[in-house]
Every structure is written in structure tokens, then in C-alpha cells.
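This report describes selected features of a predicted model. Please consult the sequence and the coordinates alongside the text.

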Amino acid sequence: MSSLLSIRDLVVDFKTRAGNARVLNHISLDVYPGEVLGIVGESGCGKSMTALSVMGLVPTPPGKITSGSITLGDEDLLKVPTKRLHQIRGKEISMIFQEPMTSLNPVFRVGDQIAESILLHENVTKAEAWERSVKMLEKVGIPEAAIRARNYPHEMSGGMRQRVMIAMALACNPKVLIADEPTTALDVTVQAQIFDLLKELQQDTGTAIIMITHDMGAIAELTDRVAVMYAGHVIETGSTKDILTNPHHPYTRGLISCVPHLEKNPTEERPFLQEIPGVVPPLTELGKGCTFAPRCQFQSNTCLADRPDLTQITAEHSVSCYNLEKVLAQ
Amino acid sequence: MSASEIHSVPKSQHPLVEAARAFRQSWAGVLGFILLVAIIFMAFAGPHIYGVDPFEIVWAPLTPPGDTETAPLGTDYLGRDILAGLLHGGAATLYVGLSAGLITITIGILVGAFAGFYGGAVDEMLMRVTEFFQVLPALLFAMVLVTLFTPSIFVVSAAIGVVSWPTTARLTRAEFLKIRNLEYVKAARSIGAKNQRIIWRVILPNALAPLIVSATLTIGVAILFEAGLSFLGLGDPNAFSWGLMIGSGREHILDAWWTVTLPGVMIFITVLGFSLVGDGLNDAFNPKLRER
């Protein structure tokens, strides 16, 4: 199957006072039609920047897309003129954001905001756009949609606003939907509802979803494939099942064991809540070696001297680590 | 979803409608509003009810108020009716205030919006121009402008507008700098909105509250400005304004107080009205003050 959206060797740099920060370092990702790709990692490892690059919303300056390509169909999104980019955003690719409380415009009715995204891309009358936006609200599970469409954002709860955001993003049937931590700001119960909704809509419309999260639960529940990112690198990719049941990279293993297990008795070696020691290093101070080496229990001299490439181990599963044997032996 | 069964959908209210309700609860705003309505009524209906030409000589010069029924509020140094002057002068004064306010707001919003939205070199350039206008002594600069052209009511308004826009521009810029990085601007971009649309349809409506407050205050300042220019003899001699009355009476301040005090009181009430309305709007738009 050929990919729908393909990111190749993407490099994004940010100029900071401390020096040049390479926030994305030669990352390559593919999104296939109708799948859900999860991107997982700690804060500051480049998940959101990947999303913003695809949307063409990297703040420039200080950011700069140094090299690489992002292809959708047969167009390189990094090379198309701005005018075309405006057509693509919202119509071909859309995005939902982390903070439903602040991502709707407070002075317009929610129905108008959904209608706006239709009017920007399709040649319809205002009345038709309004009707469709009411239908979209119904589709995302807002009760009494015709009345609710006349509400202002401050009259809705966080979960409802996130539903409105989803309606807005899906109003023009985009091929790819980027969800940047769509549930981080919501209650656990509402989180589950939003996941169910996304799953349902995804099956309905066949829109491919890029799901950005640091929640392993969300990954397990929603995604077909996963890319694990660390300090601007993709360090492991594979099917969700492979990644969750047979993780190879020490960082992925760490992330998975960070999720507390209620059913298992905590022991000395396996406490109730495990953690990965240390934090993501400042991107301006990355050495030559593996970016995870300073935090890795398997680190060796090779790791510190040279950065491992992403190597295929099965048809679907790739990982970048020099000490796989040691890791898997544990 | 059973949320609808548990509690009914709240009645939808535009933020401006809510602000209007808060405005009605502010005594300052309501008082200002009443004052303004009275002044506007006087300025537009007054001349029709009291049909005396303010330029016409009706009685002996410098007659104090109450001395004759022909001119109940006295006459000025030429024997013209002060009451007729007060009634006719309102329209010109309000006209100058409103049009100067409009010019101020228009230039200020344009400059501030572009500077705040685009940032970088555009911001630098526009802000240097703004500072250039800010460091010029406003009254002096306005006097120069009025002297360069024939002092008509339009030139006076334009001159006031041209010297007072920098404050509005700075306010607009600050609002734009704050709003342009908010999530809903990013969200608007992500559905494909272009820059111009984001400036005028996304950011500006959200920046409007402080701008409306500042606009009302600007009108008050513009009216004072017009009075100042007229006092110095630079007003439009053909348009009967309160400022012109004060200006023509200034040599008789000591022996005929009513020639300057009465139009002065009118200006005071008008400016007070605009300021109070501005205060009321400020309270209405500030949700933190609403609960008090």
C-alpha cells in the first residue's frame, strides 16, 4: 500500500540564545490511508513540532525547516506556494489542539466557526454551510445540535468544546487529521468518550489520524502503528501490538513500564510506579552519541561515540539501538 | 449522551449582549449615557425648538443672563444670544469629536494591527513612525496643521485625528501581540484562514473591548482639543461651536463670566459623559470587575 502522507528526512532547527536546537533530526514517517498512527514520547521530544511542520505552522523565525520533504499525494508541502497551502489546510489536512478551552474563538458562535471552515474551502451558501455544521455537531455527539450551534464557546464544557473542534477539523472531510494530545486537558471519563468518538469517526470516514500523545493508554486503545520519538529522533516504529508487547528500544521499554499496573504486586525490582531517570537533554547540548545514552542503563562506549540509525528488524518494526541483544536478554 | 436530559441548554448570549447587561449595572456608565443622550438631544432638537440664529445680534452686548427675555442666558460681546449659541454649538462640537475620534481609531487600528500581527521589520518601522508622532507636542502640531490649511471643521477634525492616533496604535499593537499567539488563532490557520482574515475576523473582534473603551475616551479628548484650538483662534470661524464661543469671549472672562463659563460647562458635561460611558464600558468588558 502506498502511503498517503510521507515525511522524509525532515530537519527542523530553532535558533535559541543557547545556540541552535535541532528539534527534529532526520525523521521519516509514513501515514497510510485509513490508519491511526500514534506518535509518542515525553514533552519536548518533537511530537508537536512534527505536527506543526506538516501543517506548515512552524513559527518562523525562530524555527526553520532546514531540509527534508513532506509529501501529500504528489505535492511536497514544503515547496507548494502559500496560496495552495491555505487550500490544503482544513481541506486535506486538519488539526485538533490540546487545549479545547482556548482553541475556539470566544466571540463567535460555534456553529459559525464550523461553517467558516466549510466556507473557506467549498463553494456553498452560508445557509448550507450552517446546516452542514449542525449536522457535524450531531455527528460528534452534541445533543440538540441545532440549538447548541448557536452557543458561544464559553457556554460549553471542555469535552463539548473538543467535540466542536473535532467537528471543525472534519467538516471538509480531510484525508489526514492530526490530533495533538486531544485529551490531555480533559477528565478521564471525557477522555474515553473522545477516544471512542475519534475511533467511530475514523471508521466512518476513513480519515487517517496522526495521534500525538504521551499516554500509552491512548496508544493502546486507538492506534494501529506507533512511532516513538526521543529528542527529535524517531527511535522505534512498528505496529502497536509489536511496540506494546515486544518493545526493543530501552526508552520504549521505559515508557511502557511507566504505566502503573494495578493487578501486579509491586516488588523491589518492579515497583508500583517505575520511572526513567533523568530528563530529555537540552536540544542545544546533544553530543555525537545516542541521544538516550545518558539515561540508558545499557549504555556502552559505542553508544556515546556514535548515533545508531533506525534499522529494520522485521518488515514493520524498526529500532535504533546498538545493544539490542543486551536489552532483549533482560 | 444524556447531558441534555440532565440540564437544559443555556440560553445563548453574545458576549456583547452580556457586556451591555453589565453596563446597565454600572452607575457611572448609566449616568454618562444619560448625559450624552441629553446633550445629543439638545444639540439636534434644540435649534429647531429655539429658532434663534446664533450669529444674529439680538440685544445689547454683554447683557448678563436673566436681564432680558429676548436672550435668557445673556449675550456675548457682539450682542449675540448665548442660549442660541449653546444649542447650535453642540452639533459642531460633537461632529468634531466623533469624526476626530473616528480618524484616530482608524489610523490607530490599522497601524497597530499590522505592527502587532506581522512583527519584525514591519513592527519596527511602524513603531518608529508612531514614536515620531508621539514625541511631537500634540497641540502645537495640530496648530501647524490647521494653519497650513484653511481652518474648516473638517481640517480641525483631521488635525486632531492625526496627532492623537499613536495611543490607539500602541494599544492595538499590544492586544494583537497578546492574541496572535493564542490557540484559536493557530486553529484558524489550521482550517486554512489567510492572514488578512485572521487579522480582521479573528484577532480584531477579540481586541475590540479595550479599543471601544479607548475610543469613547478619545472622543472626549478630541472635544477638548477642538475647544483648545478654537480658544487660540484656530477653529472654523463659520461653524458655531462651544470652543468658538469660549474663544471669542476670552477677552471678557473677567467682566462677563457667562460668555465663557456657559459653553465651558457644556463642554465639561459632554466630556464627562463620554468619560463616564468609557468607564462603564471598561467595567462591562472586564469580567473580573463584573462580580463586584
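Which residues in helix 7 of chain B meet helix 9 of chain B?

## Helices 7 and 9 of chain B

From helix 7 of chain B, the contact draws on Val156(B), Ile160(B), Ser164(B), Thr168(B), Leu171(B), Thr172(B), Glu175(B), Phe176(B) and Ile179(B). Their counterparts in helix 9 of chain B include Ile203(B), Ala207(B), Pro210(B), Leu211(B), Val221(B), Phe225(B) and Leu229(B). By class, this contact comprises 13 nonpolar, six polar and two charged residues.

The axes of helix 7 (residues 153–179) and helix 9 (residues 195–231) of chain B come within 9 Å and cross at roughly 155 degrees. Because angles over 145 degrees count as roughly antiparallel, helix 7 of chain B and helix 9 of chain B are described as roughly antiparallel to each other, and helix 7 of chain B passes helix 9 of chain B in a right-handed crossing.

## Contact between the chains

Chain B contributes 21 residues to the contact, and chain A contributes 30 residues. On the side of chain B that touches chain A, helix 1 (3–6), helix 8 (183–190) and helix 9 of chain B each supply at least two residues, with helix 8 of chain B giving the most, six residues. This side of chain B divides into twelve nonpolar, five polar and four charged residues.

## The sheet of chain A

In chain A, eight strands form an open sheet with mixed pairing, in the order 6-7-8-3-9-10-12-11; strand 6 (93–96) and strand 11 (311–312) of chain A are the edge strands, each pairing on one side only.

Within this sheet, strand 3 (residues 36–40) and strand 8 (residues 208–213) of chain A run parallel and are joined by five bridges, and Val40(A) has Thr213(A) in strand 8 of chain A as its bridge partner.

Note on methods: Residues numbered from 1 in each chain as written. Chains lettered and ligands numbered in written order. Predicted model: local features only at pLDDT ≥ 70, side-chain atom pairs only at ≥ 80, totals over all residues. Axes fitted to C-alpha atoms, helices over the stretch in contact; angles between N-to-C directions. Helix = DSSP H or I, 4+ residues; strand = E, 2+ residues; numbered from the N terminus. Parallel < 35°, antiparallel > 145°, perpendicular 65-115°, else oblique. Left-handed = near helix turned anticlockwise from the far one by under 90°. Contact = placed C-beta atoms within 7 Å. Nonpolar A, V, L, I, M, F, W, Y, C, P; charged D, E, K, R; others polar. Pairing = 2+ DSSP bridges.
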